[in-house]
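Here are my notes from going through this one. Have the viewer open while you read, and go point by point.

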Amino acid sequence: MSTTTTMNINLKIWRQQNKDAKGSIQDYKLGNVSPDMSFLEMLDMLNEELITSGDDPVAFDHDCREGICGMCSLMINGEAHGPQKLTTTCQLHMRSFNDGDTIVIEPFRAKAFPVHKDLMVDRSAFDEIIAAGGFISMNAGNAPDGNAIPIGKENADLSMDAAACIGCGACVASCENASAMLFTSAKISQLALLPQGKAESAERAQAMVNKMDELGFGNCTNAAECEASCPKGINLTNIARMNREYFKAAISK
Ligand code: FES
């Protein structure tokens, strides 16, 4: 924990012009970094200096900067979203580092997440998994009464826990197999646990798992790095639930 008013930081950042270019780590020095800055504000500061000196700013993803959209996605010193547990990159602050530290920043790496530029990766593979079955089919009409379908508290809580997944991709980037099973299982679970999602749960699991495989994500080998790196604390038990739903679909054919 820093005790100085401002810090000097050494940055080693992955720079890559486009998805076909060969990337490399580039060194930067940044002074006057406040411990109260967010990690992304520190990168903003670096980019202002790069732009002022006529250099290309570092491309990185962000949107809400409030830990809810899932856009920020950096490997910081080899850890997805950096050293603080249950924290997205945008919610990480420079007080987690010390004056004089060297920080290595890389994109989330996976075959299914090609690098667009520098630290930005294409995570549209997640959208394809959702499009394969991450919804319920229903006739739209008037909004039903909120209490028309009673749901037990335990399942309601488990479903809400699974729905906390923000789809950032930290689980994929941390997994030695680049598996998307934690993400996919959270999206399957949030629906499978509720009466509204039960009717299609087996077909949904089969369609989403097949799409996940087709897109080049790896399989789960129980390393549990996904759970450890997830900024929203998504639990591994969701993967067990997904596997049960998948096998249900397989034996009902
Ligand atoms: S920018 Fe939205 S979660 Fe980090």
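1. Start with the pair α3 and α5. In this predicted model, helix α3 (residues 153-163) packs on helix α5 (residues 181-192) with the axes 8 Å apart and an angle of about 150° between them. Angles over 145 degrees count as roughly antiparallel, and α3 and α5 are therefore roughly antiparallel to each other. As for handedness, α3 passes α5 in a left-handed crossing. On the α3 side the contact is made by Ser159, Ala162 and Ala163, and on the α5 side by Ala186, Ser189 and Gln190. Sorted by class, that contact of α3 with α5 comes out as 3 nonpolar and 3 polar residues, with no charged ones.

2. Have a look at Gln190 while you're there. Gln190 sits in helix α5. Is Gln190 buried or exposed? Its relative accessible area is 18%, and the cut-off for buried is under 20%, so Gln190 counts as buried.

3. The axes of helix α7 (residues 201-214) and helix α9 (residues 237-251) come within 8 Å and cross at roughly 105°. Since 65 to 115 degrees counts as roughly perpendicular, α7 and α9 are therefore roughly perpendicular to each other. From α7, the contact uses Ser201, Ala202, Glu203, Ala205, Gln206, Val209 and Asn210. From α9, Met242, Glu245, Tyr246, Lys248, Ala249 and Ala250 take part. By class this contact of α7 with α9 has 7 nonpolar, 3 polar and 3 charged residues.

4. Now the sheet. Which order do the strands take in the open sheet? There are 5 strands, running β2-β1-β5-β3-β4, and the pairing is mixed. The edges are β2 (24-33) and β4 (79-80); each has a single partner strand, so one side of each lacks a neighbour in the sheet.

5. Strand β1 (residues 7-15) pairs with β5 in the parallel sense over 4 bridges, and Leu11 has Ile103 as its bridge partner in β5. Strand β3 (residues 74-76) is joined to β5 by 3 bridges, and these two strands run antiparallel. Here Ile76 has Ile105 as its bridge partner in β5. Further along, β3 and β4 are antiparallel too, over 2 bridges, with Ala80 of β4 as the bridge partner of Met75.

6. Check the two faces of β5 as well. In a regular strand the side chains alternate between the two faces of the sheet. For strand β5 (residues 102-107), Ile103, Ile105 and Pro107 make up the covered face, whereas Thr102, Val104 and Glu106 are on the uncovered one. Helix α1 (residues 39-52) lies across β1, β2, β3 and β5, and runs at about 100° to β2.

7. Last, some whole-chain numbers. The protein chain has 9 helices and 7 strands, and its C-alpha trace spans about 60 × 40 × 35 Å along the principal axes. Of its 253 residues, 45% count as buried. Among contacts between residues at least 6 apart in sequence, 70% join residues at least 24 apart.

Notes: Residues are numbered from 1 along each chain as its sequence is written. This is a predicted model: local features need pLDDT of at least 70, side-chain atom pairs count only at pLDDT 80 or more; totals for chains, interfaces and linings use all residues. Side-chain values use heavy atoms; hydrogens and water are left out. Axes are lines fitted to C-alpha atoms, for helices over the stretch in contact, and angles run from 0 to 180 degrees between N-to-C directions. Angles under 35 degrees count as roughly parallel, over 145 as roughly antiparallel, 65 to 115 as roughly perpendicular and the rest as oblique. A crossing is left-handed if the near helix is turned anticlockwise from the far one by less than a right angle, and right-handed if clockwise. Contact means heavy atoms within 4.5 Å. Ala, Val, Leu, Ile, Met, Phe, Trp, Tyr, Cys and Pro count as nonpolar, Asp, Glu, Lys and Arg as charged, and the others, Gly among them, as polar. Buried means under 20% relative accessible area, exposed over 50%, partly exposed in between (1.4 Å probe, protein chains only). Two strands pair if DSSP finds at least two bridges between them.
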